[in-house]
Amino acid sequence: MQQIADWLEKLGLSEYAQCFAENDIDFTILGDLTDQDLEKIGIASLGHRRKLLRAIANLETIEKSAPAVAVAAPAAPLPLDTAERRQVTVMFADLVGSTALSARMDPEDLREVISAYQKCAAETVRRFDGFVAKYMGDGVLVYFGYPQAHEDDAERAVRAGLELIAAVAGLKTRASLQTRVGIATGVVVVGELIGSGEAQERGIVGETPNLAARLQAVAAPNKVVISDGTRRLLGNLFELQELEAKSLKGISGSVRAWAVLRPSSVESRFEALHPNGLSALVGREEEAELMSRRWSRAKTGEGQVVLISGEAGIGKSRLTAALLESLAGDPHTRLRYFCSPQHTDSALYPIIAQIERAAGLTHDDAAQAKLDKLDALLAKSSTSAQDAALFAEMLSLPNDGRHLALDLSPQQRREKTLAALTSQVAALARWSPVLMIFEDAHWVDPTSLEVFSRTVDRIEALPVLLVVTFRPEFDPPWVGRAYVTALTINRLTEREARAMIDRIVGNKPLPPSIREDVVERSDGIPLFIEEMTKAVLEAESQHAAELTVGAVPSPALAVPASLHASLMARLDRLGPAKDVAQVGAAIGREFSHALLAAVARKPESELSSALDRLIQSGLLFRQGVPPHANYLFKHALVQDAAYGTLLREPRRALHARIVETLGSEFAEIAESQPELMARHCTEAGFVEEAVDYWERAGRQALGRSAMAEAVAQLTKGLEVLESLSSGPEHQRREINLQLVMGPALIAAKGFASPEAMRAYARARELCRGLGDVSDVFPALYGQSVFHFQRGELVAANELAQELLRLAEERGEVGAQVTGHRLLGATLSQLGRLTESRDHFTAALGLYDPVRDRSSAFVYAVDSRVISLSWLSHVFAVLGYPKEAAGSDGEAPAHARELNHPNTMAVALVLSCMFHQLLRDTPNARSQAEAVIALATEQDFPFYLAAGTAVRGWVLAEGGRAEEAVMEIRRGAVDYGATGAQLWSPYFLGLLAEAQGKAGQATTGLSVGLGSRCSHT
Ligand SMILES: Nc1ncnc2c1ncn2[C@@H]1O[C@H](COP(=O)(O)OP(=O)(O)O)[C@@H](O)[C@H]1O
Ligand SMILES: [Mg+2]
């Protein structure tokens, strides 16, 4: 009944709502009502009764045409038991002045008019594979991209809009009709959401339909108006006119809108979609060279064909563009043909379009002018009169009497047209070599394919190079001939991908981790690289940028709008296999058959046919044989797209199922891959488990010295923790995370990283809140080391004393070891050498290999190794060379046993400095080189810098003083960049020495003097 009330309200007749309700009138019987009925139930006004009857008549039209549309719908309706998120282009079209029409016309006539209009709309939309979702009076709501996505949905919508306007204007109805069209693109939720039953249409929830309707309302009659989102996907395919920014009802902020004037006459789709120019070519040297060799051969009269195949976005068009660029100075005739996804059935489409462009026909040329231009073009190739007539016909130009009327059967006409087209190429080739580019042959119409086949047959003896590009689904019939070369374009290497990103980014800042994410997710496909990079650059902040590429909280953002449609198109072709893809996507880029089967809970036969489907369609790779097989999404972005279609709740439920399944049936995976569990727990909303797993993951990564990973995982743990209510449990969890974070940051960013300091300070503060907890030791330790590395020795010393005092008070021997070696280090730098030696000796005395083994993980370095390393320096300065050498020899040996890269790096760096102090060049060199290699491999900037400076000194000793100066400077600068200063004076000393050797003694002296008093 509410519906009736709404309907009446729309008609402005809501005063009758109650009387309709009292008489039990619902939609099903509206159509039976007569004028008398209405009068009987109390509608006295004749005007109102007429208005109601007219509206009822309109409703009937809608009901009648709705089923017809459903039949005409492009894709077989999919089972719609689940709603999903996806990007859709929505078109809203409405008749202009329909209220005026309804006032003027008899209901019967109006009904005819509306019915003709709706039929016309349905047909036009169907040609572009759109979906008529709903008739709303005289308005039509259409989706492009749902239920079936195409890679060019935005373009389809605009073309359909333009054609709809033309078709409606041409309708022979009692009144001449005009239409307005509004188009908008955005991410929406689609599917049957709120029950079913009366709401028959496939609902879309989101701002986009509303925006399309509002844009329609501001459009001038017979105009298509598009939103910014749509425009961005169109490149230069259409000529647009920007409208004044408007504020639209129900939409926040002012909205930019464009009127579409007409399709643009740009030559190539590829160029139209790259309005801002091309990215500089990366790689592809061999391919380019091969093409240029084929061109040289073709020029001599041995015609050549090059077939370029590769998946969408791999760079086929870019490669042909490179060929065109390289031939710029080489006289030739160019013929470029572009197949189009919307014209796979329109005969000779690419050829007609080529001729129209070559002749320079424009949309507002009169027929006469077009014929003149065509004649001028054909004169260049001395085309016969009969062929000219055929060409004019092919272009659907009227014959103004200049051509002979051709009296041919359709069969003959076709034959002669094809012959004329082939000889055209031969005629042109007589004047100069011809380069033919035939793009996107997978979309070719059958007639054009035949023309090209004939051309290939003739090319062999002509100075022509024909380059054909296509996706792997096209099977070119010309392979195997001697003059045909087939070329498959492969993905770019990671190095090339990085180069491409760098060129797109230019000098804008892009964090390296994001760059690596783009490299990883784009899988070496240039289109993905380009679009991901642009999306990341457009993201307003780094955080937004991380969301764009990063998986965790908001994967729906992960796929840039420009790629969404093409990826969805691949998924939609899967039909029912799509939900298996979604399950797989939730598990990850890779998944095992067993896990998938356990989570998907489908009959084995159904599952395996879905998997076969995914493999056939090129979305998955399979390794091994089910049930022992493993699967890998061929593209990370396909995985993202499949995952992104899941709504929040089903997505959460899926992750919960994965957590359960992993926990119960795959315990070994849950155990060995805590980060996997952490991710699924996070997505499943199991907060506490998630935090614990992130911590475990962080520890595990730290144990393996995978520092960047550890930091990332711990950060996620802290983020998830925020959603947990505070209390002692919360604090304990946070302390744990911070204390793993500290050493991870130290290793990743250097000892003086302020982030590490923050982690330790936060942990210490939390410990204070909790009272007597042993976690305070690592927190104090971290703070002391921070100050130590910055050369703030007094502060470092105080913290070390506090640590030792607390450790002694509480009888914690492990912590005492740490306290002693910290004090040993700070005292050594303060020049209190004997005290220093005593503390180190105490540390070594208390050290227990079993208990203190974990010190490497809690304190980033093993206490024994670092004590030995420092002692070697202290002994040397105190004048005990034998003891010094003994300690120095022991340290790396012990470090090797521990197999802990960070400890090894400390031992090596202190050792190379030790040998430098003794001016023992060979050993200084070998240890410096060892630390450089290790630090490079492990990505430890701090040790790399220190090792570099010492190696610089070695160079100076070897007589390469100028190089040495550069190397030491680089090391010192990089060292300073980690925030550390402790060794800066020492490096400056090395620099001064090298400068002296390089004949820059004055500079060297002032550098050396400057180095003196920098410690406090
Ligand atoms: N080797 C390359 N170096 C730089 N950019 C490239 C390269 N290959 C492709 N691109 C860019 O990637 C995008 C997709 O390439 P495109 O040639 O359109 O692919 P295809 O024609 O195979 O579908 C284009 O924007 C193109 O400029
Ligand atoms: Mg292309």
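Predicted model: local features only at pLDDT ≥ 70, side-chain atom pairs only at ≥ 80, totals over all residues.
Residues are numbered from 1 along each chain as its sequence is written, chains are lettered from A and ligands numbered from 1 in the order in which they are written, and side-chain values use heavy atoms, leaving out hydrogens and water.

Start with the whole chain. Its C-alpha atoms fill a box of roughly 110 × 90 × 55 Å along the principal axes. Switch to cartoon view to find 47 helices and 18 strands, which are DSSP runs (helices H or I, at least four residues; strands E, at least two), numbered from the N terminus.

Next, select ligand 1. It is surrounded by 19 residues (a heavy atom within 4 Å), and the closest are His 274, Val 282, Lys 316, Arg 318 and Glu 530.

Now zoom in on the oxygen atoms of ligand 1. One lies 2.7 Å from a polar side-chain atom of Lys 316. Backbone atoms take part too: a polar one of Gly 315 is 3.0 Å from a ligand oxygen, and a polar one of Arg 318 is 2.7 Å from a ligand oxygen. Taken alone, ligand 1 exposes 550 Å², of which the protein buries 95%.

Finally, colour α13 (316–326) and α21 (526–538), the elements that give two or more residues to the shell around ligand 1.

Terms used: Polar contact = N/O pair within 3.5 Å; in protein donor to acceptor, adjacent residues only side chain to side chain. Areas by Shrake-Rupley, 256 points an atom, 1.4 Å probe, with all protein chains shown as cover.
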